[in-house]
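Student: I would like to learn how to read salt bridges and strand pairing in a model. Can we work through one case?

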Amino acid sequence: MSKTLSVDLNCDMGESYGAYRLGQDEAILPYVTSANVACGFHAGDPLVMEKTVRAALEHGVAIGAHPGLPDLVGFGRREMAISPQEAYALTVYQIGALAAFVTAQGGTLHHVKPHGALYNMAAVNAPLAEAIAEAIYKVNPQLLLYGLAGSELIRAGEKLGLQTAQEVFADRTYQPDGTLTPRTQPNALITDSQTALRQVIRMVKEGKVVSQQGTEVAIKADTVCLHGDGAHALPFARQIRDALRQEGIQVSAVQ
């Protein structure tokens, strides 16, 4: 009897700030199984964090801290020359902030997924990855670490004994080494929903993705990231849930 394939659908949330509103969190929550909540450095504020955690708990969605670089203006997508010590401290700080909101509402923090430039830097920079993984482990070794599939961040987590979830992206193109095409380059984003759906199904079922250069890259898909701030985020969330169901792929949070 063949094993049922299962994958987690995660979405970055809580990215509004003060009077500024971003994303469609409430509408997308019914279609995802885990939420990565901004912790105030790249986006989010205390009221937004509290509201997002409450909504995720109401929908039974696993909650993760989404620590980023201290860059509200750049939305955490601009690289900063931080040291491993700084990466450790800012990760501990942000996990602690989000965990407090989760605990206050009777929930349990499930995972940590770095955001934006911090995520991409840690994917290729081993000392930075190790500092982030150590921060997670020291705060709570039961937390899962979400990171780019096959990256230094995943390796750092595994070395420490953290449970890891290898992440793939529905709407991003890949390079031959398995990294994401930088947003500053042409064709970094996949805007056609059918192309994105085909990419996801193949990554989950076959463990492969075609790079922007046309080469086939081996990839492991434990969790698929959906970006909640796109113009077509909500219909795409519905489409991907339907497509996975039609392929016989179960959608559930990583355990």
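Student: Which residues are linked in a network of salt bridges?

Tutor: A salt bridge here is a side-chain nitrogen of Lys or Arg within 4 Å of a carboxyl oxygen of Asp or Glu. The network links Arg202, Glu206, Lys208 and Glu216. The structure holds 13 salt bridges. Before going on, note that this is a predicted model, in which local features need pLDDT of at least 70, side-chain atom pairs count only at pLDDT 80 or more, and totals for chains, interfaces and linings use all residues. Residues are numbered from 1 along each chain as its sequence is written, and side-chain values use heavy atoms, with hydrogens and water left out.

Student: Where do Arg202 and Glu206 lie?

Tutor: Helices are DSSP runs of H or I with at least four residues, strands are runs of E with at least two, and both are numbered from the N terminus. Arg202 and Glu206 both lie in helix H7 (residues 193-206), four residues apart, about one turn of the helix. The closest N and O atoms of their salt bridge are 2.9 Å apart.

Student: Which parts does the pair of Glu216 and Arg202 tie together?

Tutor: Glu216 and Arg202 form a salt bridge at 2.5 Å, N to O. Glu216 is in strand S8 (residues 216-218) and Arg202 is in helix H7, so the pair ties together parts 14 residues apart in sequence.

Student: Is Arg202 buried, partly exposed or exposed?

Tutor: Buried means under 20% relative accessible area, exposed means over 50%, and partly exposed is in between (1.4 Å probe, protein chains only). Arg202 is partly exposed at 23%. Glu206 is partly exposed at 47%, and Glu216 is partly exposed at 49%.

Student: In which helix do Asp242 and Arg245 lie?

Tutor: Both are in helix H8 (residues 233-246), three residues apart, about one turn of the helix. Asp242 is partly exposed at 32%, whereas Arg245 is exposed at 56%.

Student: Now the strands. How many residues of strand S1 are buried?

Tutor: In a regular strand the side chains alternate between the two faces of the sheet. Strand S1 (residues 6-13) has seven of its eight residues buried.

Student: In which sense do S1 and strand S2 pair?

Tutor: Two strands pair if DSSP finds at least two bridges between them. S1 and S2 (residues 34-38) pair in the parallel sense over four bridges, and Asp12 stands opposite Asn36 in S2. S1 also pairs with strand S9 (residues 223-226) in the parallel sense, over four bridges; the bridge partner of Cys11 in S9 is Leu226.
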